[in-house]
Amino acid sequence: MNSVQGLLAASVISIQNSCFIYPACQNCFSRLILDSRRFNCLKCGCTGEAKDASYRYRLSLKIADTNDLFDITVFGSCLDPFFGVTAENLQRYIQDFDQLSGETNTESFSRALVQAVETCFLGKRFIFGV
């Protein structure tokens with residue numbers, strides 16, 4: 001699954017979604033189903049306490065090389081250098097911000113995070129392993 005078949009030099013045209021972090025199963029990396037106290041992986045059946053859920057980066061991009069457009073998704077710790085922290089720590093910062101601000105509407109924080117990601121990636125050229 002991690003073997004690179006080729007390299008593609010391309011520019012990021014757009015960010016496809018605003019959800020950059022997801023609760024991930026430690027066994028199969030699938031998205032976990034979370035409720036207030038528990039998590040469940042529908043793929044492998046792993047369960048546990050919600051507070052123990054791990055998080056991963058998932059960045060969906062539209063990219064273009066000189067000839068074609070591509071939709072790609074970049075997963076995992078290769079994004080740590082761009083965000084400056086692990087997905088686990090960013091999720092913790094988001095939760096801490098939510099608790100400290102006392103706001104139930106975190107739209108302004110989410111908007112700021114999306115703007116930061118757009119500034120970092122839009123119009124920039126990267127080499128993608130595909």
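Residues are numbered from 1 along each chain as its sequence is written, and side-chain values use heavy atoms, with hydrogens and water left out. Because the model is predicted, local features need pLDDT of at least 70 and side-chain atom pairs count only at pLDDT 80 or more, whereas totals for chains, interfaces and linings use all residues.

The unreviewed UniProt entry lists residues 9-95 as "domain: Replication factor A C-terminal"; UniProt positions are given in the numbering used here, feature names are shortened, and annotations may be inferred rather than shown by experiment. The end C-alpha atoms of this span lie 36 Å apart, and the span is 15% helix and 45% strand, where helices (H or I, at least four residues) and strands (E, at least two) are DSSP runs numbered from the N terminus.

Three strands form an open sheet in the order β3-β4-β5 with antiparallel pairing, two strands being paired if DSSP finds at least two bridges between them. Since β3 and β5 stand at the edges with a single partner strand each, one side of each is left without a neighbour in the sheet.

| Strand | Residues |
|---|---|
| β3 | 32-34 |
| β4 | 38-41 |
| β5 | 47-49 |

Strand β4 pairs with β5 in the antiparallel sense over three bridges, and R38 has E49 of β5 as its bridge partner.

S30 is found in the loop between β2 (21-24) and β3, and counts as buried because its relative accessibility is 18%, buried meaning under 20% relative accessible area (1.4 Å probe, protein chains only). Leaving aside neighbours within four places in sequence, S30 is in contact (heavy atoms within 4.5 Å) with Y22, P23, A24, C25, C41 and K43.

Technical notes:
Buried < 20%, exposed > 50% of the residue type's maximum accessible area, 1.4 Å probe, protein only.
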